[in-house]
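Here is a short note to read with the structure open beside you. Take the points in order and find each element as it is named.

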Amino acid sequence: MKRLSVIIFLFSICSLFAQEELITAKRKIRINDGIGRGLNKIEAKNNAISNAKMKALERVATSFIHSYEKAENMVLTEDKILQDIHARVVKHRLIKVEYPFENVAIVTVDFWLEFLDIDFFAVELRKSAESAMVRSFVISGWGQFYNRNYLHGILFFVTTYGSIIQAILQENLKRDLKNQYLLATSSEAATFLYSKYRNAVFSQTAWLSIGITSWAFSIWEAFEDYERAGQLLDQTHETFFPEFRYTRQKSFVQKFMEKVAPKW
Amino acid sequence: MKKLCIIILNLFFVSLLSASEFTIKKTVTVEETGSSLSGDPVEAFENAVDNAKRTAARMIESKIKAGTVTEDGRLSTDWVEKKANIQVFNVKILEKTFISEHEVKIKIKMTAGYLNYAKFWIEYDKTVQGATHRSAFMPGWGQIYNREFFSAGLYGVLYCFFYGYYFFSIRSAKTEEEKNKAFTTYQIPAIVFWTLSISDAGISRIMAKFGLEQIKKSYQVFSPKLNTDTLCLDIPFWQRSF
């Protein structure tokens with residue numbers, strides 16, 4: 001019962017993780033200089049909130065400022081400032097409104113924004129199916145973590161190592177039962193202990209098979225699941241940087257496996 | 001202790017999503033004023049914020065190009081060009097004071113990042129062949145070239161482990177059957193990891209190139225290398241751009 005409750009608890013945590021978008025970063029930002037003017041106070045406040053929203057987007061990560069200034073004979077001839085925004089507002093909350101002049105409002109608003117860090121993206125793009133597979137070979141479930149599939153990662157880890165630990169425990173039980181069987185005084189006790197020993201051998205084999213199968217499947221799944229992880233990254237990139245396009249390439253091993261692997 | 005744990009956890013989660021491999025961060029505080037000729041407080045306020053941001057951007061990173069033209073030993077014209085390409089991480093308005101209805105004084109704190117050009121160009125110039133050839137020579141070396149040190153360690157250790165076992169098994173093998181067993185148990189996995197290492201190094205380099213291309217476009221970086229087209233003798237002179 002205790003074990004079952006632990007498993008249910010782990011599942012609920014995993015499902016929480018699974019609902020979250022794990023590729024984008026989220027950030028809270030407070031804007032205290034949203035300014036707006038209107039015919040009345042309400043309109044001024046609404047305009048100020050819109051202004052604050054624009055400012056929040058300009059001031060969060062992955063917003064780029066490109067400025068250019070040119071002076072000829074000590075006279076400023078060109079002065080340009082360009083802003084590229086690659087973020088979006090998830091929700092906002094109004095904190096404070098001030099009216100310094102008639103029908104002019106200054107607001108303080110909290111914004112929750114979502115964005116894709118370009119530096120993080122460049123590092124994430126380097127990941128490969130081979131690396132995921134090798135990680136799962138070393139520790140079952142690690143490849144899934146590498147692919148940011150945390151739910152599957154935890155499941156594989158728990159199943160593989162839980163089964164292997166169970167098999168080790170059965171080995172100890174098997175040894176004890178064997179010793180008891182050798183010391184048995186009556187034939188009835190010997191028969192009973194032998195049947196228990198046979199059961200322990202069977203359950204050890206079963207646990208070991210589950211563990212090995214789960215480990216092998218974890219390796220295969222990490223390799224196959226990489227495609228999903230890559231596509232998720234590509235889609236997120238397309239949402240935030242639609243003007244910069246690229247094509248995902250497949251590695252030599254991936255192409256080879258596509259030809260060789262059975263198509264179910 | 002609890003606070004320390006929270007800080008460490010925060011740092012861990014922040015580091016998960018901001019790799020900052022190619023960006024250098026800097027924070028500056030700037031005081032600026034903004035005014036409006038039409039006496040509009042909103043325009044004055046926005047001008048003040050814009051001025052402050054512009055000054056901060058140029059304080060964080062700016063590339064300056066200048067030139068002069070001299071005729072008969074006299075300076076006839078001179079020009080100065082200033083460019084800044086930064087990524088804004090945070091802008092905070094610390095103080096805002098309305099001096100009058102058409103003049104505002106503002107103090108801002110700005111954290112922004114600019115591209116680490118040296119690191120960027122070193123990475124950008126790396127080739128797919130460079131990565132695959134290195135991995136073919138020694139599993140894990142291509143990953144070091146790609147700056148994936150953890151993967152490099154994994155491939156290196158796994159290859160050495162299996163090949164080392166194969167080597168010792170062959171030395172201690174007495175029969176042909178034992179040698180065959182050592183081959184299937186240890187040498188085949190070593191060869192598989194070697195192949196995986198080469199394939200991984202190649203595809204990582206190709207995809208890294210895409211990532212760097214995105215950074216290049218976002219920061220509006222252009223090649224610092226000289227355009228040598230005009231120096232190439234294969235191009236006919238009428239096609240050369242002087």
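Predicted model: local features only at pLDDT ≥ 70, side-chain atom pairs only at ≥ 80, totals over all residues.

1. Look at the domains of chain A. The assignment gives domain 1 as 25-69 + 80-115 and domain 2 as 126-258. Note that domain 1 is written as two stretches. The C-alpha centres of these two domains of chain A lie 49 Å apart.

2. Three strands form an open sheet in the order β1-β5-β4, and the pairing is antiparallel. Which strands are at the edges? They are β1 (25-37) and β4 of chain A, and each pairs on one side only. On average, neighbouring strands are turned by 15° against each other, with direction ignored. Helix α2 (residues 41-59) of chain A packs on this sheet and touches β1, β4 and β5 of chain A. The direction of α2 makes about 140° with that of β1(A).

3. Zoom in on one pair of strands. In chain A, β4 (residues 87-101) and β5 (residues 104-115) pair in the antiparallel sense over 11 bridges. A:Lys91 has A:Trp112 in β5(A) as its bridge partner. A:Val89 stands opposite A:Leu113 in β5(A). The hairpin of β4(A) and β5(A) has two residues between the strands. There, A:Asn103 takes a positive phi near 55°.

4. Turn to the contact between the chains. How many residues of chain B are in contact with chain A? There are 60, and they meet 45 residues of chain A. On the chain B side, α2 (41-60), β3 (74-100), α6 and α7 (176-218) each supply at least two residues. That side of chain B divides into 29 nonpolar, 17 polar and 14 charged residues.

5. Strand β2 (residues 63-72) of chain A and β3(B) pair in the antiparallel sense over 10 bridges. Look for A:Lys70, which stands opposite B:Glu81 in β3(B).

6. Next come helices from the two chains. Two packed helices are described by the angle between their axes and the distance between the axes. Take α4 (residues 129-138) of chain A and α6 (residues 149-172) of chain B: their axes come within 11 Å and cross at roughly 60°. The two helices are therefore oblique to each other. The crossing of α4(A) past α6(B) is left-handed. A:Ser131, A:Val134 and A:Val138 of α4(A) meet B:Ser151, B:Leu154, B:Tyr155 and B:Leu158 of α6(B). By class, this contact has five nonpolar, two polar and no charged residues.

7. Helix α4(A) also packs with α7(B). Here the angle is about 140°, and the axes are 8 Å apart. From α4(A), the contact uses A:Glu130, A:Ser131 and A:Val134. From α7(B), B:Leu196, B:Ser199 and B:Asp200 take part. The contact of α4(A) with α7(B) has two nonpolar, two polar and two charged residues.

Key
Residues numbered from 1 in each chain as written. Chains lettered and ligands numbered in written order. Axes fitted to C-alpha atoms, helices over the stretch in contact; angles between N-to-C directions. Helix = DSSP H or I, 4+ residues; strand = E, 2+ residues; numbered from the N terminus. Parallel < 35°, antiparallel > 145°, perpendicular 65-115°, else oblique. Left-handed = near helix turned anticlockwise from the far one by under 90°. Contact = placed C-beta atoms within 7 Å. Nonpolar A, V, L, I, M, F, W, Y, C, P; charged D, E, K, R; others polar. Domains from an automatic or database assignment. Pairing = 2+ DSSP bridges.
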